[in-house]
Amino acid sequence: MTLHSETYDVIVIGGGHAGTEAALAAARTGASTLLLTQSIETLGQMSCNPAIGGIGKSHLVREIDALGGAMALATDAAGIQFRTLNASKGPAVRATRAQADRTLYRKAIRHMLEAQENLAIFQQSVVDIEIRKGRVEGVLTAVGLEFSAPAVVLTTGTFLGGRIHIGLSNHAGGRAGDPASNALAERLRALPFAVDRLKTGTPPRIAGDTVDFDRLKPQWGDEPCPVMSFMSDGSEHPRQVPCHIAATNAETHRIIRDGLDRSPMFAGEIEGVGPRYCPSIEDKVVRFADRASHQVFVEPEGLDTNELYPNGISTSLPFEVQFALVRSMEGFERARITRPGYAIEYDFFDPRGLEPSLETKAVSGLYFAGQINGTTGYEEAAAQGLLAGLNAARKVAGSAPWTPGRHEAYLGVLVDDLVTLGTNEPYRMFSSRAEYRLRLRQDNADLRLTPVARELGLVDASRWRRFEAKRATIERAAAALKATRLTPGSDLCARLEARCGETVAKETNLFDFLKRPGVTAADLRAAGAVAADIPAVALEQVEVQAKYDGYIRRQDREIAKLKAQEAVMLPAELDYESIEGLSNELKEKLSLAKPRTLARASRIPGITPAALSLLLIHAKRLTGERGKAVRPEDRAPAREAAPAGERAARRSA
Amino acid sequence: MSTVDTDTIAAVATAPGRGGVGIVRVSGPLTPKIANALTGRKLPPRSAVYCGFRDGEGAALDRGIAIHFEAPNSLTGEDVLELQAHGGPVVLDMLLGRVLSLGARRADPGEFTQRAFVNGKLDLAQAEAVLDLVNSATRQAARGAVRSLSGEFSKHVHAIAHEVLELRVFCEGAIDFPDEDIDFLSESDVGERLASARKRLSKLRARARQGALLKDGLNVVIAGAPNVGKSSLLNRLSGEDRAIVTSVPGTTRDTLDADFDLDGMPVRVVDTAGLRDTGDAVETEGINRAHRAMAAADVVLWVVDDREAGGSPGGDACTGAATIIVRNKADLSGRRPGSISPGAVRICALTGEGVDALATEIKQAAGYRAGEGIFTARARHLDALAAADTALAAAAERLVANYGELVAEDLRDAHDHLGAIVGRVSADDLLGEIFASFCIGK
């Protein structure tokens, strides 16, 4: 007996970074969308450190932005300190990092959610997902309300089966004081998904008025102040404040070592695997015993609060040890802790159970996004959320799913790594994961993705107009440089040679000249080689294109190979166990991953080219089509499937 | 072995040795361009054209027949060029080298056939054969790699790959973790380490090219029970009295080898201790060595006494290498020496009768088993070293210009090429190295 029921196209469960981007993306494409959250107050909550971006991460944020998402805009509205990382290195590995005011960030996200057409928000805990005949039909809430939809996106983060550890005591709970979603966790554990445990942690928070900032090193943001969104110009930023840098010392390390017997990690209370790149302070002290000191970034939580986030001392030691270790640091002698640090263990679903669209393989219409898939970080969560929301809406509309390739976006790398390889630690993006990072830059995320986003219905008219104008100036600038001849002996040539210390032996053009390591766009500008009406941003873009030209062309050849392998589908019914010539280890890995394409199979660790050949041939035998590669449309049961099976039986007999 | 590929591949398609005519086959999108550069003319499709083959300076390498098969009407379904030249190994090597310099890469074992299959040039009934071929080519390639990678060579490649990995750990660490207060190597250190890796690599390449580290040629192992005439056969094939021959079973205690030339194909023939159960410790070690030699063999000559029944090697003696049954002592059995059936000959090692038929069998086994030659493993390794060398040189150049991300890209490229020999390292493994080496993370 149902008390109340409503019907939507897409239901999103969870209002974190994945859930909000999912709901916004689905609604942007025109799907009637419902966002269900345990608390409207915490929509867009930053539950870990108050910062967005960083290497690899700001690349994702820019991509979200290029796809019309919210994260970059909210960061620009909430950021209180912006820095460009790797500014002295090349453009491909430059990144933007922002400290964000938690309250302003939540406010910006909530504002965008409320302003979004086709989107309803409702505060209720979900206790069940209704599934009939392998298809999702809707959800049931704690008070018995029923919401129906043919597509549901689940983004419950660390709430599923959450367990919080402080010292040797522990209790059930979600992030930052929220309740754990245990009813839903129980329900999901009963479904055919592989569940595993991960762990993450936070540091104790500190009252700013008890810290002696004069004894810490201030770190101000960059001038001019960077922006996150392609739509921003910096006028969106609130007042800017500095972070501070503190350090642990020998006394801190002694206190930690003395408290190790009460650490849940070292006492074996925690079964989940923590990230290698974000170790707790006790981990760092034990593993790198020779280091006399570790850096601590003291980050402001916001403009209207004096609470601080000491980034670098995440811990699950007992409170009394946390208290002592904080007070052992210079400048923190009188410090008061406002919230204790803790480790949280939570359930995640093996992402190898997902399609690249983030739809689960087991239940049609059910999508997973964010930490539930084993990732960490707001940016990773938001990017998945956007993709899942988009694809949920596309499924309901009867359109094919869309996922960018590894060569198109960090989002493509993220999803491909997850669904192909799975993860055994919270997965975080790094630029070294992206083999095509020279083309996947934060500066060109819009050039890479906004055109397709426009086709997908994710981008509104104002963003599109702005993008088209920018693209046109870049094209004009490139054309102008390519059209400007540089003849040995000419005035221009002499000026440039003198300025750059280069020699022009035979006629070239400005674009090719710019490819030389010793030449910059600024040199061209200073020598009067480019027209004054070519804007700096366009000239920079052309400079990047020139500098990376040879490398990008080499990568293009690799990508062509990759695409050919992507076109070869591996049938789901392919029985890896029966393939002669594959090692047992590979059989096991392939059976688990069930890669959809030959390209995905090629990225499974330990695979050899010979093994790929075997897969290709077996796939082709199974589909039994003559004269063309095995493509999606060939996946219907093939004529020769039966004889092939008989042959296999004969061979094994 | 690449599976679906846009590369243009090339290989010598005829059996190694000094045949009258040798064929170099090219397949892939660059084929028309290569044909043009090589012959200096546009070849009409499917016509045999007698013409000169020219090197990079336009000088004649050889004269012969060129045939261009246009896609899809070719062996592989791609654009295919067949060059029929004079069959000596030197000429064919130069011709292949020229084709590779025009942008093709050396074909992997079985790759032409595989492309034919992928492009629907073989029907399903032939799929079984292709599977067998791939399996066999894989075994061949693996054996080739084992031989080429034996001992010192492998150690050197591993050492260089490790140096490159360490460089990558520093470069990638500096890129991905700029906020850590870690002194990832200063640039001068990176420069020094890079120079050291390059020096090691070019030294290794020089020695490898001289053949100092790589065993070359066909590895033929003579095996069988004691006293069936294995050592006599070694002496007969090599044309010298290398092995002591007596009528006492178990005379040969250690493996013995000799090099000889089989119609232009270099062959190393290895004599082994007779396989039998024995309590003699020295002889047992000799037998163990015999088994190891057989495992690395391209061709095993399994010698039996023609007066006895049976023939095939059993149990441990079965290695997966091409095996030729050699029924020796025809003088004593009184049967006629010569070919018996494919893979079996009767000879008399003492008089030399039937040894010609054996030579033919060896060539067959060497040349045609895997579709393409078995010497490619060694050549591929040298190609990979050359490509790694080029990438490291580029890295050094970019380092001077202070382009850290391009240095990282060139190092990745170099690492991938070395990885083609000693196993690739994934992005996640690399991150693992970074986290193990440095205290990363807030």
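Buried here means under 20% relative accessible area, exposed means over 50%, and partly exposed is what falls in between (1.4 Å probe, protein chains only). This is a predicted model, where local features need pLDDT of at least 70 and side-chain atom pairs count only at pLDDT 80 or more, while totals for chains, interfaces and linings use all residues. Residues are numbered from 1 along each chain as its sequence is written, chains are lettered from A and ligands numbered from 1 in the order in which they are written, and side-chain values use heavy atoms, with hydrogens and water left out.

**View 1. One side of helix α1 of chain B.** Helix α1(B) spans residues 31–39, and its buried residues are B:T31, B:I34, B:A35, B:L38 and B:T39. They sit on the same side of α1(B), because they cover an arc of only 105° around the axis, taken from the directions that run from the helix axis to the C-beta atoms. An α-helix has 3.6 residues a turn, so residues three or four places apart point the same way. Just past α1(B), B:G40 adopts a positive phi of about 70°. Helices (H or I, at least four residues) and strands (E, at least two) are DSSP runs, numbered from the N terminus.

View 2. The predictor's confidence in each residue is pLDDT, on a scale from 0 to 100. Chain B has a mean pLDDT of 79, with 79% of its residues at 70 or more. Where pLDDT is low, the predicted coordinates should not be read in detail. For the complex, the predictor gives an ipTM of 0.84 and a pTM of 0.79.

**View 3. The largest nonpolar core.** Think of a nonpolar core as a set of buried Ala, Val, Leu, Ile, Met, Phe, Trp, Tyr and Cys residues joined through side-chain atoms within 4.5 Å. The largest one has 99 residues, and those with the most contacts inside it are A:V10, A:I11, A:I129, A:V139 and A:L411. Helix α9 (residues 378–396) of chain A supplies the largest share of this core, ten residues. At least three core residues come from each of domain 1 (5–197 + 346–456) and domain 2 (205–343) of chain A; the domain bounds come from an automatic or database domain assignment. Zooming in on A:V139 and skipping neighbours within four places in sequence, its contacts include A:I11, A:L36, A:I129, A:F147 and A:V152. Apart from this core lies another, of 30 residues, among them B:C171, B:A197, B:A208 and B:L392.

View 4. A:T158 is in the loop between β11 (151–154) and β12 (163–166) of chain A, and is buried at a relative accessible area of 1%. A:T158 and A:Y342 are 184 residues apart in sequence but 13 Å apart in space, C-alpha to C-alpha. A:D416 belongs to helix α10 (residues 410–421) of chain A and is also buried, with a relative accessible area of 3%. Leaving out neighbours within four places in sequence, A:D416 touches A:R406, A:L421, A:R600 and A:R603.

View 5. With a disulfide taken as a pair of cysteine sulfur atoms within 2.5 Å, the count over all chains is zero. For A:C278, the nearest cysteine sulfur is that of A:C48, 6.5 Å away, and A:C278 is partly exposed at 30% relative accessible area. For A:C500, the nearest is that of A:C493, 10 Å away, and A:C500 counts as buried at 13%.

View 6. A cis peptide bond with omega of about -5° joins A:E223 and A:P224, and A:P224 lies in the loop between β16 (217–219) and β17 (243–247) of chain A. Chain B has a cis bond between B:A71 and B:P72, with omega of about 0°. A:K133, not a glycine, has a positive phi near 50° and is exposed at 82% relative accessible area. B:K329, not a glycine either, has a positive phi of about 70°, but counts as buried at 16%.

Technical notes: Contact means heavy atoms within 4.5 Å.
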